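Open the model in your viewer and get your selection tool ready. We will go from one stop to the next, with a word on what to look for at each.

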Amino acid sequence: NTVRLSCDAGASAPAEPIPLAILALAYEGPPATAYLKGVVPLALADALSVSPAIQIVPFGSSRTLTGEKLDVVGRQLGVKWIVSGKLAIEGDDFVETIELAGVSGEPSLWSREVRGRVSEIVALSSALAPEVIARVGARANPAEDEKHRRNPAAMEAYLRGLTLLEG
C-alpha cells in the first residue's frame, strides 16, 4: 500500500503528490542494533506523512534497493526523489547521514549529518522531515503534525518489532 496524501485544496485543483522513496540505510556497527537501519527510514516516513503533497513508496518496496543507482531505483519505484544514507553506531552513540537526491542523476540536493544517543534516534531522525518536505517543494500540514506527535520510545519499539518481523 502506498501512503498517498492529497494536496491542500486551494482555488485550483490539487497538484499530483510528489513521489518519494526512502531506502534502508547502509549500516556500520554491532549486529544487535542493525535493525535500526530500517527503523530510521520508517520513522522518517511517518514524520513525512504530515505533508499532504508527498506520496511515500512503502518501505517494503524500497528497503532492498540500497546501493543501486538512483535513476534505476527511481524508474523501478516510479519516484522523483530518493532519501538514502548511512548509519554508524558505536556504543550508545550514533552518526547518521541522510541525503535527498533527485533520480535524474544530479548530485544530492540536500544532506544532513545527525549525531546523538541511540535512545534518541527516532526523535532525531523524525526531526529531519520538515527540511525534506521543504526541499522537495511541498508543505507540511500543521494540523496533521499536531496529530502525529508520538512517543519516540514507543515508536522505536514498534518500528523495531516491525523491522524484525519483516526480516
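Which residues are buried in H1? Select this helix, residues 36-48, and you will find Leu36, Gly38, Val39, Val40, Pro41, Leu42, Ala43, Leu44, Ala45, Asp46, Ala47 and Leu48 buried; buried means under 20% relative accessible area with a 1.4 Å probe, counting protein chains only. That makes 12 of its 13 residues, so H1 is mostly covered. From first C-alpha to last, H1 reaches 18 Å, close to the 18 Å expected at 1.5 Å a residue, where the expected span is 1.5 Å times one less than the number of residues.

A note before moving on: this is a predicted model, in which local features need pLDDT of at least 70 and side-chain atom pairs count only at pLDDT 80 or more, while totals for chains, interfaces and linings use all residues. Residues are numbered from 1 along each chain as its sequence is written, and side-chain values use heavy atoms, leaving out hydrogens and water.

Now zoom out and colour by secondary structure. The protein has seven helices and six strands, in the order β-β-α-β-α-α-β-β-β-α-α-α-α from the N terminus. Helices (H or I, at least four residues) and strands (E, at least two) are DSSP runs, numbered from the N terminus. Of the 167 residues, 44% count as buried.

Next, select Leu20 and Leu48. In the largest nonpolar core, which has 36 residues, these two touch the most other members. Such a core is a set of buried Ala, Val, Leu, Ile, Met, Phe, Trp, Tyr and Cys residues joined through side-chain atoms within 4.5 Å. H1 gives the largest share of this core, eight residues. Show what surrounds Leu48: setting aside neighbours within four places in sequence, Leu48 is in contact (heavy atoms within 4.5 Å) with Leu20, Ile22, Ile54, Ile56, Ala129, Val132 and Ile133. A second, separate core of nine residues includes Leu65, Val73, Val79 and Val103.

Finally, select strand S4, residues 81-90. Strands pair here if DSSP finds at least two bridges between them.

- S1 runs parallel to S4 over three bridges; look for Ile22 with its partner Val83.
- S2, residues 26-28, is also parallel to S4, over three bridges, with Glu28 opposite Ala88.
- S5 pairs with S4 in the antiparallel sense over 10 bridges; Ser84 has Glu99 as its bridge partner.

Last stop: the hairpin of S4 and S5, with two residues between the strands, where Gly91 in the turn has a positive phi of about 65°.

Terms used
Buried means under 20% relative accessible area, exposed over 50%, partly exposed in between (1.4 Å probe, protein chains only).
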